[in-house]
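Here is a short report on one protein model. Keep the sequence and the 3D view open as you read.

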Amino acid sequence: MIQSKRNCLMMAGVMMVASLTSCSQEKSVEESADTQETMKIALVRDDASKKVDVLVDGKLFTAYIYPDTIAKPVLYPIQSAAGNSLTRGYPLDPRPGERVDHPHHIGHWFNFGDVNGLDFWNNSSAIPIEKRDKYGSVVHTGIQSVSESANQAELAVTADWKSPDGTILLKENTQFIFKADSIKRVIERITTLTAQDQEVKFTDNKEGMFAIRVARELEHPSDKPEIFTDASGIATAVPTLNNEGVVGKYRSSEGLEGDAVWGTRGNWVNLTGEVKGEKVALVIVDHPSNPGYPTYWHARGYGLFAANTLGQKALSDGKDELNLKLAPGESVTFKYEILVYSDAQPDDSTLKAEATSFGSR
């Protein structure tokens, strides 16, 4: 009888623990869902400082900035959910131990190395005055709209692609869509370029197009110094640095990893790593409507992470070539997505689903 009562009490205890565990699990799921639902994205416009901050639950995610001191508008910085910067600080805010090469690599940007013979990609304040007639600039011209809804925010901006003499070659209309939940943060960019009074030629060039310069921690560990030469023949030395904490690795939709990703095609590339103890993944996704899809990847171990759909000859070693031309008044649209995962490193199937979803929009 005593044993029977004891068993009953034990069974009751197990049932109670199971019930509490079930409730706890349900609460956890509900809390996770609540977190996703309540993450508020706000856009804070500051015309005097020439920027629009993008805040997630009051914390900086990124900012659209357009100071006169750089040759194009950029998103800078791009931060994780924990507030760690995934983009390099130099040249705007140099950090100890990071590289100081390629001063035109700032945050996230979009431009190209050969537009009617002008180099928009490599332009920066470091170009000597006597050589600036070979470089074009992307000049911010306006904020067209700022809107926020329950689960996303949208920023529409315009810019002019100008030659050194002030001639407007292209009018740019760009829409940024920002989203966030408890797993990831998202930036969608839709950019339409319209030729103005003359034909515009995008001559196949490896310097382009949709790019991010990542933080030192997300670079590949470097084992030797290298020299990279741009389309104008200007060489930039990239030295070997202290590799402590540098654990970045590229992986493409085609299963290629590390330096093998450069010069190959794929519809997404995932850069994984760790920043100040936070596991992160930074992903660029191409869109099926883009010219030359799937894109070639101009992804370098030293921290340049770029999708270059118009650099086919340069990146395929002559196997492919794409020279895009726009007649006066003609337009072309490019769509890309940036995914930022925090404390998670998504697998291939997850990113395949993300790419499929993005491609359907």
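## Charged pairs and covered strands

At 7% relative accessibility, Arg 189 is buried. The cut-off for that label is under 20% relative accessible area. Bear in mind that this is a predicted model.

What does Arg 189 meet in a salt bridge? Its partner is the side chain of Glu 172, and the N to O distance is 3.1 Å. Is Glu 172 buried or exposed? Glu 172 is buried, because its relative accessible area is 6%.

Lys 184 forms a salt bridge with Glu 354, and the closest N and O atoms are 3.2 Å apart. Lys 184 has a relative accessible area of 15%, so Lys 184 is buried. Glu 354 also counts as buried, at 17% relative accessibility.

Now take Lys 201 and Glu 199. They form a salt bridge with the closest N and O atoms 4.0 Å apart. Lys 201 is partly exposed, with a relative accessible area of 36%. Glu 199 is partly exposed too, at 38%. Elsewhere, salt bridges that share partners join Lys 179, Glu 188, Glu 337 and Arg 361 into one network.

| Salt bridge | N to O distance |
|---|---|
| Glu 172 and Arg 189 | 3.1 Å |
| Lys 184 and Glu 354 | 3.2 Å |
| Lys 201 and Glu 199 | 4.0 Å |

How many salt bridges does a search of the whole structure find? The search finds 23.

## Strand E5

Next comes strand E5, residues 108-112. Five of its five residues are buried, so the strand is mostly covered. In a regular strand the side chains alternate between the two faces of the sheet. Which residues of E5 lie on each side? His 108, Phe 110 and Phe 112 are on one side, with Trp 109 and Asn 111 on the other. Both faces are covered, and these residues are all buried.

Strand E5 has a partner, strand E11 (residues 208-213). The two run antiparallel, and five bridges join them. One of the residues to look for is His 108, whose bridge partner in E11 is Ile 212.

## A threonine in a loop

Where is Thr 264 found? Look in the loop between strand E14 (249-252) and strand E15 (268-275). Thr 264 is buried, because its relative accessible area is 18%. Its side chain reaches the backbone oxygen of Val 261 at 2.6 Å. Thr 264 also touches Leu 256, Thr 295, Tyr 296 and Trp 297, leaving aside residues up to four places away in sequence.

## The whole chain

The protein chain has three helices and 20 strands. Of its 361 residues, 48% are buried. Take the contacts with a separation of 6 or more: residues 24 or more positions apart account for 59% of them. The chain exposes about 16,400 Å², and carbon and sulfur atoms supply 52% of that area.

Definitions and conventions: Residues are numbered from 1 along each chain as its sequence is written. This is a predicted model: local features need pLDDT of at least 70, side-chain atom pairs count only at pLDDT 80 or more; totals for chains, interfaces and linings use all residues. Side-chain values use heavy atoms; hydrogens and water are left out. Helices (H or I, at least four residues) and strands (E, at least two) are DSSP runs, numbered from the N terminus. Buried means under 20% relative accessible area, exposed over 50%, partly exposed in between (1.4 Å probe, protein chains only). A polar contact is a pair of N or O atoms within 3.5 Å; within protein, one must be able to donate a hydrogen and the other to accept it, and residues adjacent in sequence count only if both atoms are side-chain atoms. Contact means heavy atoms within 4.5 Å. Two strands pair if DSSP finds at least two bridges between them. Accessible areas come from the Shrake-Rupley method with a 1.4 Å probe; for residues, only the protein chains shown count as cover.
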